[in-house]
Each structure stands twice: as C-alpha cells, then as structure tokens.
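Welcome! Please take a look at the sequence and the 3D view below, and then we can walk through them together.

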Amino acid sequence: MDIFKFSTIKKIGLALGLLFSTNSFAGTIVDVVYQDQALSGFGNSISYQHDITDDGFTFGSATSANLAIQVNNLSFWETLLFQIDEFDFDSGAITLGSGYINNLEVNALAALNSDGLLDVFVYAGPWTSVRVGTSTLTVQVPEPSTILILGLAIIGLSLRRQRKL
C-alpha cells in the first residue's frame, strides 16, 4: 500500500512539474478590436468580444488585465455605460465625457480566465452621439521562467516526499 501511495504521489508531482515547466506563453498578451461604430441616442448600444485564445493564452493563467476603449467626439455632458461581461459594475462604469480605461476586477477576470473571451457592451445615454473606436485588452500572464521555477519546485517537493516515505 505504501509503495502504491509513493508511486502515485511521484507520478502526480512529475506530471504537474512537466505541465508547468513546458508551458511557454508570453508575459503580456494584447488583443485589439477595431470598432469605428457610431453610437447615438438613449438606449442604443454596441457589443463586441475580445478573444485571446488565438494569442497563446492558457486558460486560468491571467493574473491581471486592463481594458481601454477609445471614444471619439464625446462631449463632457454625454454619458456612456460600459458593461464588461455581466451587468454587475464589477469592471464596468458610467462615464461622463470620457472613454473607458480600467483594470478588470474579480468577476471579469474570472470570466476571461474561464474561456479566454471577454464580452463588452457600450450603451449610449440621452443626447449622446459618438463613435466608439479601438478597444485594447492587455492581459498579464506569468513569464515562462516563473512557471519553470514553479514546476521544478513541485518536482522537488514530490521527490522530498518520496524520501520520507
């Protein structure tokens, strides 16, 4: 029984170590969506999606993210509602006379980590007539060297556990 336990722990440790040490993805992933869409009148909206799955993203690896949405011809009295993923004001905002630049908070970052997709909705307020321009999502993921060190640590811990058994 002890031999089986030791062998299973060793196998799990080596598998996790190899998994983490062989991942090679960049430290920063940038996804740009070009909109150039007109938005005017109360209740009108546009929606689009950032997809970072084609940029070497590994699910669950995003540690932080920033979203910047350019808005052209926005006067200081015009309002926009930015909804990021679900309608919960976790990462979204209501702005007066400005575009949107914000870090993704817990719920939006979790949604991004789950499938590599981020839904964005922009709603116009009353008397608003603007053009929504470029939307830039910048995602931070661990560097390959950090993952390598973590993988080696897991291998070391599994080998140390092997000696104790």
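A residue is called buried when its relative accessible area is under 20%, exposed when over 50%, and partly exposed in between, with a 1.4 Å probe and protein chains only. Helices (H or I, at least four residues) and strands (E, at least two) are DSSP runs, numbered from the N terminus. With those terms in hand, the buried residues of helix α2 (residues 106-115) are A108, L109, A111, L112 and N113.

A word on the source: this is a predicted model, where local features need pLDDT of at least 70, side-chain atom pairs count only at pLDDT 80 or more, and totals for chains, interfaces and linings use all residues. Residues are numbered from 1 along each chain as its sequence is written, and side-chain values use heavy atoms, leaving out hydrogens and water.

**The overall picture**

The protein has three helices and eight strands, which follow one another along the sequence as α-β-β-β-β-β-β-α-β-β-α. Of its 165 residues, 35% count as buried. A contact means heavy atoms within 4.5 Å. Among contacts between residues at least 6 apart in sequence, 78% join residues at least 24 apart.

**A sheet and its helix**

Two strands pair if DSSP finds at least two bridges between them. By that rule, four strands form an open sheet in the order β2-β7-β4-β5, with antiparallel pairing. Strands β2 (45-51) and β5 (93-96) stand at the edges with a single partner strand each, so one side of each has no neighbour in the sheet. On average, neighbouring strands of this sheet are turned by 20° against each other, direction ignored. Within the sheet, β4 and β7 run antiparallel and are joined by five bridges, and L80 stands opposite A124 in β7.

Where does helix α2 lie? It lies across β4 and β7, running at about 135° to β7; axes here are lines fitted to C-alpha atoms, for helices over the stretch in contact, and angles run from 0 to 180 degrees between N-to-C directions. The buried residues of α2 pack against β3 (64-72), β4 (79-84), β7 (117-124) and β8 (129-140). Just after α2, G116 takes a positive phi of about 80°.

Q83 lies in strand β4. Not counting residues up to four places away in sequence, Q83 touches D119, V120, F121 and Y123. The C-alpha atoms of Q83 and I94 are separated by 8.7 Å, with the two residues 11 apart along the chain.

**A salt bridge and a surface patch**

A salt bridge is a side-chain nitrogen of Lys or Arg within 4 Å of a carboxyl oxygen of Asp or Glu. The structure holds one: D36 pairs with R131, the closest N and O atoms being 3.0 Å apart. D36 lies in strand β1 and R131 in strand β8, so the pair ties together parts that are 95 residues apart in sequence.

Strand β1 (residues 28-40) also holds Y34. Together, V30, V32 and Y34 form a nonpolar patch on the surface, with about 310 Å² of accessible area. Patches are made of residues with over 30% relative accessible area and no salt bridge: like charges are joined within 9 Å, nonpolar side chains (Val, Leu, Ile, Met, Phe, Trp, Tyr) within 5 Å. Accessible areas come from the Shrake-Rupley method with a 1.4 Å probe, and for residues only the protein chains shown count as cover.

Here is how some of these residues compare:

| Residue | Relative accessible area | Class |
|---|---|---|
| Y34 | 66% | exposed |
| D36 | 51% | exposed |
| R131 | 31% | partly exposed |
| Q83 | 11% | buried |
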